[in-house]
Amino acid sequence: MRIKPFEYHAASDLREAVQMLSEEGADARALAGGTDLVLAMKHKAVLPKKVVSLHRITEMAAINTEGDEIKIGALATHSELAAHLELQKVVPILCQAVSLIGSWQIRNSATIGGNLAHASPAADSAAPLLALDATLVTTSPSGDENIPLASFFSGPGATILHPGQIIKEIIILRPQGRSSGRYLKLMRKRAVDLSQAGVAFQAELDPAGEKLAKVAIGLGGMAPTPIRAPEAEGMLEGLSCAEALKKIPSVARAVVAATSPIDDIRASAAYRKLVAEAFFKQAAQEVLTSLTAG
Amino acid sequence: MKIPIEFVVNGEPQALFVKPNHTLLDVLRDDLGLLGAKKGCGEGKCGTCTVIMDGKPVNSCLILAPRADGSDIITVEGLADGEPHPMQKAFVEQGAVQCGFCTPGMIMTACALLDEKSDPSEEEIRLALSGNLCRCTGYAKIVEAVQVCAQRIQQDKGA
Amino acid sequence: MPKIQIVGRSYPQIDGMEKATGRTRFASDIKLAGMLHARVLRSPYPHARILNIDTSRAKALPGVKAVVTYADTPGIKFGPRSDDWTIFADDKVRFCGDEVAAVAAVDEDTAEEALELIRVEYEELPFVESPLEALKPGAPLVHEDHPGNVAAEFKVEAGDVDRALANSHVVCEESFYTNQTYQAYLEPMGAVADVDLAGRITLYAGNQIPSMIRVPYAKALGLTLDQVRVVLPDYGGGFGAKMETNTHLVAMLLAQKTGRPVRHFNTRHDDFIAGNPRVPMYIDIKLGADKEGVITGKEVKVIGDAGARIVYSQIIVATACYRVDSLYRFKNVRAKGITAYTNTVPTSCFRGFGNTQATFVLESAMDILAHKLGMDPAEMRVKNSIGPDSVSVHGWKINSCGLKECVEEATKMSGWAEKKAKKRPLKGIGLSCCNHVSGNRAFAREFDGGAGIVRIGRDGRISVYHGESDMGQGQKTVYAQIAAETLGVPLDWVSVMQVDTDISPWGFGSFATRGTLMGGNGVLAASKDAFIKLAQVAADMMESNVDDVVCEGGRFYVKGSPDKSLDFKEVALNATDSNHGSPVMGTGFYDPPTVLPDPKTKQGNISPAYPFGCQIAEVEVDPTTGKVTVTNFVAAHDVGRAINPMALEGQIQGGVAQGLGWTLMENMVTNKGKVANANFLDYLIPTALDMPPVEPKLIEPYEPNGPYGAKGIGEPAINPTMSAITNAIYDATGVRITELPVSPEKLLAEMEKLKGSHEG
Ligand SMILES: Cc1cc2nc3c(=O)[nH]c(=O)nc-3n(C[C@H](O)[C@H](O)[C@H](O)COP(=O)(O)OP(=O)(O)OC[C@H]3O[C@@H](n4cnc5c(N)ncnc54)[C@H](O)[C@@H]3O)c2cc1C
Ligand code: FES
Ligand code: FES
């Protein structure tokens with residue numbers, strides 16, 4: 001439980017950070033809130049030679065909701081996101097999901113960038129961000145690169161980031177029509193638990209407010225990485241809310257068909273599926289009803 | 001090996017050389033002799049190490065020592081201002097203290113909550129404290145203590 | 001006598017503010033000059049032969065002061081109640097977490113680094129995880145000298161069970177399983193050990209039995225009893241677990257080897273895998289009743305899992321066999337208990353000591369019978385309730401007993417009758433009763449009771465010495481209240497001193513809900529002795545008769561003339577001066593009227609007083625997830641006279657929280673011999689949000705054997721919780737829970753099955 005010695009640097013800007021990280025290659029780690037990394041170092045699951053703290057790069061913590069592109073700095077903490085008034089209006093599903101992460105203390109340190117980069121299949125910010133079609137802006141010594149979140153995860157705990165590449169910010173396009181979203185998380189206690197199944201349902205109406213222009217379903221803890229359920233989404237897109245409400249049971253089956261959860265000490269695969277189906281129904285019901293209500 | 005940090009702990013500026021592989025909790029307990037914050041797990045999972053860092057409760061066992069550079073830290077030792085803090089009084093009077101091992105962390109979170117929201121509901125109190133485990137009290141008297149403290153602070157303000 | 005003023009009132013803990021301000025020095029806060037830090041290398045295998053241990057590289061690491069293994073110990077077999085312990089694994093490791101080697105170094109970083117340099121060659125052996133498997137012929141043997149892995153057997157019988165069951169109107173026959181749970185005190189186990197030039201060891205350890213642990217520890221180290229001194233700092237909870245542990249012996253051995261103080265505390269992970277979790281039990285019950293709901297007979301078979309060595313599991317299994325028989329007017333009972341060795345973490349005491357497991361089973365069976373008979377479960381309890389001034393089937397003498405009142409109050413408070421009558425889908429209400437002890441004659445054979453020393457200094461300060469252990473339950477405050485009351489002084493004149501076995505009386509410690517009754521009676525006896533001595537001086541000063549002297553609020557006066565009074569402190573000064581500096585010393589002890597059970601018939605009387613209780617839970621079941629939410633909880637407990645109502649309420653609320661956790665979430669999962677969830681994210685204990693309102697109610701019949709009429713509360717607070725909740729789940733869903741904890745997934749599946757069977 002003691003951490004092995006390593007070299008520590010607090011980078012003063014982005015360039016310095018990526019420079020330092022790329023020098024050490026795979027032996028270096030970026031440090032954000034540390035709630036995953038420090039624990040992993042205590043468990044000797046990762047033994048970095050060098051740790052580069054990003055916390056001095058204040059611009060990386062900014063949240064900008066002014067334009068059509070909502071920009072969330074990778075260092076924004078879950079507490080900051082959950083309490084952000086504009087985000088609560090535009091993408092409540094994200095605020096709601098991150099407010100369920102860990103404890104208050106954890107949320108005060110833990111960042112959204114760290115949550116994504118740690119790449120837990122059950123990461124609570126991932127399912128809603130997938131459903132919001134988020135794009136990651138990454139930086140490395142060779143420049144910036146935009147990566148759609150949908151192609152970011154490559155396995156449990158793995159991403160396509162290469163050493164020296166960090167997430168700078170997360171971009172979400174402001175929904176054009178009226179939208180609504182809901183995230184439901186299966187926990188074994190009422191608070192402070194990792195998700196055994198997370199279901200994000202986000203829907204957007206066309207400008208006329210009649211048909212579902214966009215439906216997105218993000219799932220956490222249901223596959224080796226957070227995933228979308230495109231077939232299920234397709235079944236609802238283009239329908240009116242009333243029509244969609246009727247189709248919920250069959251869509252729910254399609255959602256489950258997209259998943260491949262595991263059995264572990266936290267939950268069995270069968271139970272995860274069962275609850276994911278029920279959660280999908282509940283989330284879809286709530287979202288579609290609220291869109292109908294106008 | 002060791003690197004210099006400067007930070008403020010309970011209002012006092014501190015300049016120290018710390019090992020990067022130590023945590024803020026180690027620094028408080030071993031370097032500064034502030035033994036109020038406890039190590040119940042060292043994994044961010046019990047809350048006994050909770051301190052206020054730049055106004056927010058955090059798990060000091062998960063914060064690398066050098067990250068504390070430039071920060072403002074308040075530990076349970078820094079709450080009493082000549083006399084015990086109203087939260088400390090309320091905890092004692094309401095019977096919210098049994099073994100007391102969770103108490104310093106619990107009180108730090110509770111104080112941070114009232115700083116953020118002066119009249120939290122019972123549900124909000126329970127939610128805020130859910131990262132602080134207590135195995136002795138069943139939380140009932142802890143929640144009461146926070147409510148009593150909130151009321152007293154309100155009354156004092158009103159008076 | 002002046003009226004009772006201090007006993008019976010809710011005082012905050014006398015050292016509460018020290019705790020709340022962070023000033024209390026807990027066991028893990030102790031730092032001694034020159035102190036070294038220890039770490040233990042634990043077995044990664046559940047069962048393996050040790051072929052070779054190479055510590056040379058670890059020893060060579062700068063900063064390492066000692067590396068020890070079994071070869072460095074006296075090699076003596078020992079144990080609290082057995083001889084199956086060694087300080088480190090001898091020829092083989094018997095569970096994942098078994099101690100293999102330890103390092104003392106200048107700091108924790110170095111100690112941990114050194115562990116990685118120790119090379120151990122193992123030959124893995126077949127292992128056994130479950131007691132049922134362990135008892136099968138041909139199972140791998142945990143201890144070669146215990147054929148069949150039988151660690152202990154226990155039998156008890158009274159009356160004619162077979163006839164009683166045969167003649168019953170209804171019989172419940174059911175198998176139950178109670179799982180392994182972890183005490184989860186917030187401060188891990190550990191100690192600081194110091195050694196003087198004469199080789200005498202001082203152990204600073206948060207421990208429930210500071211006097212008793214010296215016996216096996218001295219034996220293990222080949223020392224005489226006087227060479228082991230224990231000092232008891234404040235510590236962060238115990239709940240039964242903090243008794244004998246190799247964690248302490250590692251520190252002691254390393255202190256011997258290095259001649260320096262050594263600190264050794266478990267990491268939370270080590271505490272999970274090598275602590276003393278609850279004894280898992282398979283319990284089969286047959287319980288019969290006549291038409292009127294009167295219990296006819298009961299038979300139980302218990303198989304308990306000791307893990308890889310015996311801590312107290314065999315006494316816990318014996319307790320599960322028969323303690324609960326003093327809850328009702330049983331006449332015909334039979335029980336058989338087997339304690340089996342397995343290659344898992346040794347199990348031991350956890351609040352309730354086997355009576356929790358048995359209460360879950362009996363009170364589930366009572367619920368089953370009540371439903372079979374179409375009878376109100378509350379009414380059935382009252383009908384069978386043992387009464388005050390009665391003798392149970394095993395000879396136990398029940399003096400005070402408020403069981404019926406507990407049921408009455410709990411049902412009233414919860415609105416039981418209306419809620420039972422109005423069935424709401426997926427909502428349920430359940431009830432359970434319990435009994436317990438206030439001391440256990442069968443636990444320590446040497447003697448029973450408690451003792452105290454009360455010192456009154458020249459300054460009038462009162463110091464109370466006891467030999468029990470305040471692990472947070474507020475014992476010190478209760479002792480201070482008893483002393484202050486008896487002496488007639490304000491509470492804050494009294495200090496309750498740290499237990500130091502060089503100074504304090506020999507106390508058996510804190511277990512068996514004995515602290516208030518046994519330790520309290522000891523303090524009471526010493527306080528009375530001190531009072532008489534000081535009152536004599538006061539009487540002389542007032543030229544009166546000692547029998548006529550009383551003290552109230554710190555002033556002595558002669559009965560009838562309170563206006564002419566003497567300051568207690570003045571009397572103390574006078575007393576000490578006339579004794580040339582010797583303080584007034586009161587000593588006293590309590591010899592309880594208990595009877596060691598007969599080895600054959602088990603007839604006896606294990607406690608001077610028996611507490612009772614009744615708890616009622618209300619639940620709501622989520623039909624999509626199968627999750628159970630406890631929405632309301634009432635707990636009425638017969639505690640004898642309450643010495644400190646607030647502390648009692650806190651004990652009840654804390655006990656219920658642990659019971660709720662056990663019922664709904666707590667489970668140590670062992671996978672391929674390893675604890676798979678050894679952390680607080682996967683071993684789930686309730687958070688503030690998981691707790692419903694818990695309304696305690698104190699029922700206070702005067703207990704003639706208790707100090708100021710008091711009994712105890714610690715363990716009864718949890719005993720009925722599990723079955724109160726599972727009986728409520730039955731009420732809500734029709735699903736009978738026979739296995740703890742309640743798995744939402746299984747509950748859901750059972751609910752589906754019931755739906756199917758109703759529709760089909
Ligand atoms: C008690 C506890 C409870 C928890 N509960 C939850 C929960 O309910 N839900 C949940 O999803 N998670 C939970 N977590 C996990 C964790 O808190 C989150 O994943 C958190 O968001 C991680 O963020 P961080 O800033 O602490 O990351 P860090 O620990 O600093 O970093 C994590 C990883 O990401 C890398 N990294 C960090 N920032 C960047 C960046 N900008 N670019 C590239 N790489 C980066 C680091 O190098 C490291 O490998 C819990 C953890 C704990 C200890
Ligand atoms: S010690 Fe930091 S959360 Fe447990
Ligand atoms: S008072 Fe003991 S853990 Fe909270």
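Student: What radius of gyration does chain C have, and what would a compact globule have?

Tutor: Chain C has 27 Å. A compact globule with 760 residues would be near 27 Å, so the two agree. The radius is taken over C-alpha atoms, and the globule rule is 2.2 Å times the number of residues to the power 0.38. This is a predicted model: local features need pLDDT of at least 70, side-chain atom pairs count only at pLDDT 80 or more, and totals for chains, interfaces and linings use all residues. Residues are numbered from 1 along each chain as its sequence is written, chains are lettered from A and ligands numbered from 1 in the order written, and side-chain values use heavy atoms, leaving out hydrogens and water.

Student: What does the C-alpha trace of chain C span along its principal axes?

Tutor: About 90 × 70 × 50 Å.

Student: And how many helices and strands does chain C have?

Tutor: Chain C has 19 helices and 31 strands. Both are DSSP runs numbered from the N terminus: helices are H or I with at least four residues, strands E with at least two.

Student: How much of chain C counts as buried?

Tutor: 67% of its 760 residues. Buried means under 20% relative accessible area, exposed over 50%, and partly exposed in between, with a 1.4 Å probe and protein chains only.

Student: Switching topic. How many aromatic pairs are there over all chains?

Tutor: A search of the whole structure finds 23. One of them joins C:Tyr182 and C:Tyr185, with 5.8 Å centre to centre and 55 degrees between the planes, a tilted pair. Rings of Phe, Tyr and Trp (its six-membered ring) pair if their centres lie within 6.5 Å; planes under 30 degrees apart are stacked, over 60 edge-to-face, and the rest tilted.

Student: Why is the pair of C:Phe272 and C:Phe680 edge-to-face?

Tutor: Because their planes stand at 70 degrees, with the ring centres 5.6 Å apart. The pair links distant parts of the chain, 408 residues apart. C:Phe272 is in helix H8 (residues 268–274), and C:Phe680 is in the loop between strand S30 (674–675) and strand S31 (694–699).

Student: Is C:Phe680 buried or exposed?

Tutor: Buried, at 1% relative accessibility. C:Phe272 is buried too, at 0%.

Student: Which residues form one aromatic cluster?

Tutor: C:Tyr182, C:Tyr185, C:Phe272, C:Phe680 and C:Tyr683.

Student: Which ring does the charged end of C:Lys602 sit over?

Tutor: The ring of C:Phe154, 4.7 Å from its centre. That needs NZ of Lys or CZ of Arg within 6 Å of the ring centre and within 35 degrees of the ring normal. C:Arg309 lies over the face of C:Trp85, 4.9 Å from the ring centre.
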